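These entries record what I looked up in the model, in the order in which I took the topics.

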Amino acid sequence: MGEIKQIRLCGLGGQGIVLGGTILGYAGINDGKWVAGSSSYGAEARGSACRSEVIISDEPIIFPHVTRPDILIAMSQEAYDKYIKDMGRDGETVIYDEQMVCTKEISGLRQLGFPAGSVATKELENKLVANMVILGIVAEVTRIVSRNALLSAIEKNVPERFRALNLRAAELGLALGRAQK
Amino acid sequence: MAWKEVRSALPAGNYYYSGNEAAAEGAIAAGCRYYAGYPITPSSEIMEWIAVRFREVGGVFIQMEDEIASLSSVIGASWAGAKAMTATSGPGFSLMQEGIGYAAMTETPIVIVDIQRAGPATGQATRVGGGDIMQAKWGSQGDYPVIAISPWSVQEMYDQTINAFNLAERYRVPVILLAEQAVGHLRERMNVVEKIAIFNRRKEKGAAPFGAGDDGVPPMPAFGEGEKLLVTGSSHDDYGLRKVADPLVQARLTARLHNKIVNNREEIIQHEDYYAEDADVIVIAYGFTARSSLFAVEAMRREGKRVGMIRLKTIWPFADSLIRDVGSRAKKIFVPEMNRGQVAGEVMKYTCCDIIPYNQTDGEVIHPNTIMGELRRLL
């Protein structure tokens, strides 16, 4: 059996959760993997708790929805509270924006906080690219997608006038991830 | 032969598309250059994608005032010689029923993509459903032929849209891609190959446009090609002349419309077998539910349970002989559906085997754990 990783991104509508999931999936394709992704849709994608899920696999994916996430990426408290319940097995990882989320202690669960939002605000003067900072962190810490695959996915999926900004944000995330190690 | 090999519209390679985007690209690959539609959740991304891509490939895109007009426009475009399509969801599909009957009667090749959502009526616009199975076959008056295909992946949204156009052109029939919201909005890896086979409608100078060919499918001229052409939804003879009180004309026409699909069903119907050979309990599933089912069946096979699955890729015409065969081998047949048993009822028509329907109409997909739970009770 090849490796299958299930990833759930969650946060508030407007934080770029859906785009983040799409870019992560696209990066998986760039790495030659099988990928399936699904996201919140309709009103819930525009303001309230919002979710995007990606499965990245070495083999074809039979059931394309996340059944149990290996990695939870949380960008808001409400979303963290809602989805942390599904986490807790060995080897699972939570990556969260430390400005947005206060974590609960769960024994055995690796929970890593990063200043994604504040880095985006301070270094790039645009908190909207916190999602790209997070993706950089995720790529570096979990290795579910390669650096080059991520950067090229951002290039393909972000309109030209925001491209440089988003790539810079991902690079900052990659650096934050490296520092963590 | 009217088959030919053409270069794919997209460069060969892997893409990360949604099912809706894949259907739009499949249409473009098949040669569709006319789209008329009215936006409706959860199908709207198809028309959005088409609207952008038609500017690149040179197609005509029109947003119509409603779904009745959309389908009428598509039928007209087809008679002008274009490969034409529309996409919608349940409520819009209901409005299209009149046009579907008309397209079937006038033997107009068209493709309709129906991204099913939870009904009845406007139901739950953003939620999944699978309740349009019977509507696809019996929504318009009279007995008429359609072909309906149930894709289960983004890859099939692309491949089967190409197939839908080929079938429509081959048999001069409306073809419905009967997908579900969960497939339309799914994103997956989609592979595009360099070349695909496409079928373009047969033309024959001076031939009767409604006369029986060898296989019951007449050649089809387009308006403007110099043929004398009458097209009517009323009963008509081989040349399209209205004959609304002639029993022989009516009998021949309705029989031929029916037989051109039924007699070619071996060529049309597609299905897949998974572990069905020695299974005691066989799941008959289609669309997204077949993915949940296969996941469940494979998990239970690893436990040594004798379960299997048949996936119906074609819903209409219904795979009657396949069901007869499966019914003679299995002890029980389990039919999970996102409706109140529309395919289960068809299955019951063709076998006396014990049929156990599972019907979930809560706007959510059927989870593999649900199917595993049900199967355990049946073993």
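**Entry 1. Surroundings of one residue in chain B.** I listed the contacts of B:Asp114, leaving aside neighbours within four places in sequence. The residues in contact with B:Asp114 are B:Thr88, B:Ser89, B:Phe93, B:Asp132, B:Ile176, B:Leu177, B:Leu178 and B:Ala179. I note that the model is predicted. I then located B:Asp114 in strand 6 of chain B, which covers residues 110-118. Is B:Asp114 buried or exposed? I counted 24 other C-beta atoms within 10 Å of B:Asp114; the threshold for a buried residue is 20 or more, so B:Asp114 is buried. I also checked B:Ala103, which is 11 residues from B:Asp114 in sequence. Their C-alpha atoms are 16 Å apart in space.

**Entry 2. Chain B as a whole.** I found 14 helices and 17 strands in chain B. Buried residues account for 53% of its 379 residues. I looked up the extent of the C-alpha trace of chain B, which spans about 65 × 50 × 40 Å along its principal axes. For 379 residues, a compact globule would have a radius of gyration near 21 Å, and chain B agrees because its own value is 21 Å. I then took the contacts in chain B between residues at least 6 apart in sequence; of these, 75% join residues at least 24 apart.

**Entry 3. A helix pair in chain A.** I examined helix 1 (residues 17-30) and helix 5 (residues 147-157) of chain A, which pack at an angle of about 125° with their axes 8 Å apart. Helix 1 of chain A is therefore oblique to helix 5 of chain A. The crossing of helix 1 and helix 5 of chain A is right-handed.

**Entry 4. Where chain A touches chain B.** How many residues does the contact take from chain A and from chain B? I recorded 14 residues from chain A and 14 residues from chain B. On the side of chain A, helix 1 and strand 2 (34-39) are the elements that give two or more residues. Strand 2 of chain A supplies the largest share of that side, five residues. By class, I found nine nonpolar, five polar and no charged residues on the side of chain A that touches chain B.

Conventions. Residues numbered from 1 in each chain as written. Chains lettered and ligands numbered in written order. Predicted model: local features only at pLDDT ≥ 70, side-chain atom pairs only at ≥ 80, totals over all residues. Helix = DSSP H or I, 4+ residues; strand = E, 2+ residues; numbered from the N terminus. Buried ≥ 20, exposed ≤ 12 C-beta atoms within 10 Å, placed from the backbone. Contact = placed C-beta atoms within 7 Å. Axes fitted to C-alpha atoms, helices over the stretch in contact; angles between N-to-C directions. Parallel < 35°, antiparallel > 145°, perpendicular 65-115°, else oblique. Left-handed = near helix turned anticlockwise from the far one by under 90°. Rg over C-alpha atoms; globule rule 2.2 N^0.38 Å. Nonpolar A, V, L, I, M, F, W, Y, C, P; charged D, E, K, R; others polar.
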